[in-house]
Amino acid sequence: PQAWWQHEGLRRVKRAWVIPPISVSENHKRIPHLLVQIKSDKQQPGGVIYSIKGPGVDEEPLGIFSIDKFSGKVFLNAMLDREENDRYRLRAFALDLGGVTLEDPTDLEIIVVDQNDNRPLFQQDVFTGHVVEGAEPGTCVMTVDATDADDPDTDNAALRYSILEQGTASMFSINATTGEICTARPGLDRETMGVYNLTVQAADMSGDGLTTTAMAVIYLEDINDNPPEFTKEEFSMEVEEQAAGVDVGKVFVHDKDLAGSPGWLAKYTILEGDPEGAFAIRTDPHTNDGVLSVVKPLDHEVRDRFELTVSVQNEQPLEPTAPASPRALATVQVRVRDVNEAPIFRENPRRISVLEGTPPGTPITTYTASDPDTHQIQTLTYALLYDPADWLQLDPHAGTVRTKRELLHPSAFLQGGWYIALVLARDDGEQHPCHVPPLPLPPLTPLLCPPADPPLSATGTLSIEILEVNDHAPQLQPPAGVLCGRPGRGGTLLLGATDDDRPPHGAPFHFQLSPQQPQLARNWTITRFNGEGLPVWGGVLHIGILLTLYYPPPTHQHPRRPVPLHVQPPMPTPPCPPAVPAVLAALGAVRVRGRRRALRKGLLERSRDDMRDNILNYDEQGGGEEDQDAYDINQLRYPELFSARAKPPVRRDAPLSSGTPLAPRKLPNSPSDIEDFINEGLEAADSDPSVPPYDTALIYDYEGSGSVASPLSSIVSSLTDEDQDYDYLSEWGPRFRRLADLYG
């Protein structure tokens, strides 16, 4: 061939070997079909072999094309589909019988011509769109689109869209070329029609060819263009009194807007009829109903009916174009049903005070309860629920509490002086009225009677304070004592007192001489010694002392009464130390009934002896049984034996740190100097700051709280003052003149 091009120059190639493109329609049914015949310029009769190669021949898809190797005719052996392959490019060869190439290979292009054999196809069967209700005309909602497998450069793929069906309103339109759907007119109302179903069509051949259809579903989005409305103007409900936190009932509304949307949810408000805030209303989120509840307990006796004005509106504000609701208000009638309520003790606990020893049967209080059910007459009964000591009795109808036995101190049932009891009040239940069916009644129609409420009870606490009463007179301690003193100078006796009463009716005590014996004040005085006792000064043997309490003042039930104090010497031995005159020993002898004038005469004769010496011999008690550490009494009896000592006398019980007098004291030479000796010691003790308050001189004549010896007054206990004759006292001299005036 290269030589052919070189030798032929610009010589035109034969058209028989240069093959133009061959067109064949798809879906050609006349098979086999001659497409073309090729010839070589070097053709020799019977001397050229033709062949073709390429897709559709020896490449997939196989067997579509073939060639007659001797004539060069190319045949179509199968139907073509342009949508699968729109053209085929083959190579044609010319060879001699020996297989030598006679011509250069030439191209053979077969073009498949499109036929309108494919319908348009929508991308989906159902298209969905949304648009708000009330949208203006021209508001686009969605676009539907379709495709066509035919040649896009031909009318076979030129699509046009249309709406085949949308209802009678024709609210939407579609762009025929683009498939965009828009609103066509005003008046979209979700409450009238919330969903539009459109049937859309796509057609090729610019609308005249093959067609297909699909569904376009358009949802109208809700806006709050409808206010909520009560289903009726008045609702009636009932609730039990004393109930709190319970639902009373529901009010119902209707809203045309989409359920569950903000424009549908209702909000309720109690406008009137509940000044105390006893009710509350909330929205049921599922049903949109208003739920009325009680938040504060109601009292049927105070108010048995409520008339509430309730309003409703949406959570979301209404659209400006929405109409006003004529039924945005409703009246709710609530009846408070009476129920049995427990009695109430208005004063709980009840505190009262009762004197101890109050006799049985004494009313101490009336403890009653009140029944809140004033519209239902009931009877209250009372009982003692707790009375641990069984001290009380209670009137079951009047509630009067009386003492059953004396309330006394002390008691294991008292707590800090208080006695606690519990009182139970109980009503008799409440019977509700029967429901009478409307007249006329059929024969044997039963009455509908609700069951009676069970009885209820309440407990009240009764706190009783047991007040201490001054019902025990104080007692002198000791009840009898010995007082010693010199003539012209009285002695002392320390007295105390006890009382069986509890505070404040015990100590402190008040001591005084008996006002029934005013003559005692001439020889006797009482001075407070400390908080518990006092010394008695004087020289009388039998004293009446009035011992009372400071507080509280005596009552007519428990008046003050004098307590007699017997001051007398023991018998037969005089108890007084040498420093006390012998008159007490003589007076003690006077009280003995058996010793009359003869004994009295013997005493007078004996009195001529040295009385001081006798007294020194009589007393051997020292400082008393409880004062065994006093001075050695022998120093007073026999001063001459101790006069040679340089050191002054010292108590054996004095502290080690006790001070020592600056100069030795001179011991008394005779019993008559004992008084001076004691006074000097007292003065030395008072002036010595180192001596503690229990110095000997301060407590020298204190003999303790009592003696283990029996009182000698029992010897003459059978005698009375009326049996005594004291006329002889005037014969004893001037020192006994006052005593003779008192007893002579």
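Predicted model: local features only at pLDDT ≥ 70, side-chain atom pairs only at ≥ 80, totals over all residues.
A residue is buried when its relative accessible area is under 20%, exposed when it is over 50%, and partly exposed in between, using a 1.4 Å probe and protein chains only. V469 is buried, with a relative accessible area of 14%. V469 sits in the loop between strand 32 (457-467) and strand 33 (475-477). Strands are DSSP runs of E with at least two residues, numbered from the N terminus.

Residues are numbered from 1 along each chain as its sequence is written, and side-chain values use heavy atoms, leaving out hydrogens and water.

Now turn to the charged pairs. A salt bridge puts a side-chain nitrogen of Lys or Arg within 4 Å of a carboxyl oxygen of Asp or Glu. The structure holds 15 of them. One joins E240 and R337, with the closest N and O atoms 2.9 Å apart. E240 lies in strand 18 (residues 234-240) and R337 in strand 25 (residues 329-337), so the pair ties together parts 97 residues apart in sequence. E240 is partly exposed at 38%, and R337 is partly exposed at 27%.

Another salt bridge links E347 and R350, with the closest N and O atoms 2.6 Å apart. Here E347 is partly exposed at 37%, whereas R350 is buried at 15%.

How values were computed:
Helix = DSSP H or I, 4+ residues; strand = E, 2+ residues; numbered from the N terminus.
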